[in-house]
Amino acid sequence: MRRGHIAAVAAAGALTVLGAVPAHAAEYSSALKFKGVQYDAPGRDSNNCTTGNTDEEYLTIKNYSSTATVNLKGYVVKDAAGNKFTFTKSHTLQPGDYVKLRGGRGTDSDARNVVYRNNCNFMWNNDKDTIYLYKPSGAHADTHAYTKSANDRDGNGYITFHG
């Protein structure tokens, strides 16, 4: 009987832990996760391709694996409104490496850890949004929702998801 009682207590504890996970930070089985997002570019928003600041809006994706190298080709980033970006070129992330997916136009660079969306429209809303990362297979890799008032306490337009 004692063994059954211990198992019941352990199961109840596991349910308590599962219940404590916030809905906005679902965990998926993936080495790649969002490190953070600069959802509100500094300055006045301008999506002018020549003089605008969409390149100052970016999403940082990090390879949190200690052993696996991941190629971003085929991964998809989406927002709640359905705006999406697909990594169409090979971009390899070593364990612990990251990439900043920036708005605007520019030259992708492994050395500078940057990929441009080649789109001068802002992707992330300045008040709230949900960001999704999908593997090439279509499976979820990571998802985070944010609101400016709840998640950006210092008001700098940047939110950290995974440290």
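Q: Are Glu-57 and Arg-117 buried or exposed?
A: This is a predicted model, in which local features need pLDDT of at least 70, side-chain atom pairs count only at pLDDT 80 or more, and totals for chains, interfaces and linings use all residues. Residues are numbered from 1 along each chain as its sequence is written, and side-chain values use heavy atoms, with hydrogens and water left out. Buried means under 20% relative accessible area, exposed over 50%, and partly exposed in between, with a 1.4 Å probe and protein chains only. By that scale, Glu-57 and Arg-117 are both buried.

Q: Which residue forms a salt bridge with Glu-57?
A: Let's start with the term: a salt bridge is a side-chain nitrogen of Lys or Arg within 4 Å of a carboxyl oxygen of Asp or Glu. A search of the whole structure finds one. Its closest N and O atoms are 3.8 Å apart, and the partner of Glu-57 is Arg-117.

Q: How many residues apart are Glu-57 and Arg-117?
A: Helices (H or I, at least four residues) and strands (E, at least two) are DSSP runs, numbered from the N terminus. The salt bridge joins Glu-57 to Arg-117. Glu-57 sits in the loop between β1 and β2, while Arg-117 sits in the loop between β8 and β9 (128-134), so the pair links distant parts of the chain, 60 residues apart.

Q: Why does Thr-54 count as buried?
A: Thr-54 is also found in the loop between β1 (32-38) and β2. Its contacts (heavy atoms within 4.5 Å), leaving aside neighbours within four places in sequence, include Ser-46, Asn-119 and Phe-122. Thr-54 counts as buried because its relative accessibility is 3%.

Q: Which residue has its backbone nitrogen 3.3 Å from a polar atom of the side chain of Thr-54?
A: Gly-103 and Gly-104 are among the residues in contact with Thr-54. The backbone nitrogen at 3.3 Å from the Thr-54 side chain belongs to Gly-104.

Q: Which residue stands opposite Ile-61 in β7?
A: Strand β2 (residues 58-63) and strand β7 (residues 98-102) run antiparallel and are joined by five bridges. Opposite Ile-61 stands Val-99.

Definitions and conventions. Pairing = 2+ DSSP bridges. Polar contact = N/O pair within 3.5 Å; in protein donor to acceptor, adjacent residues only side chain to side chain.
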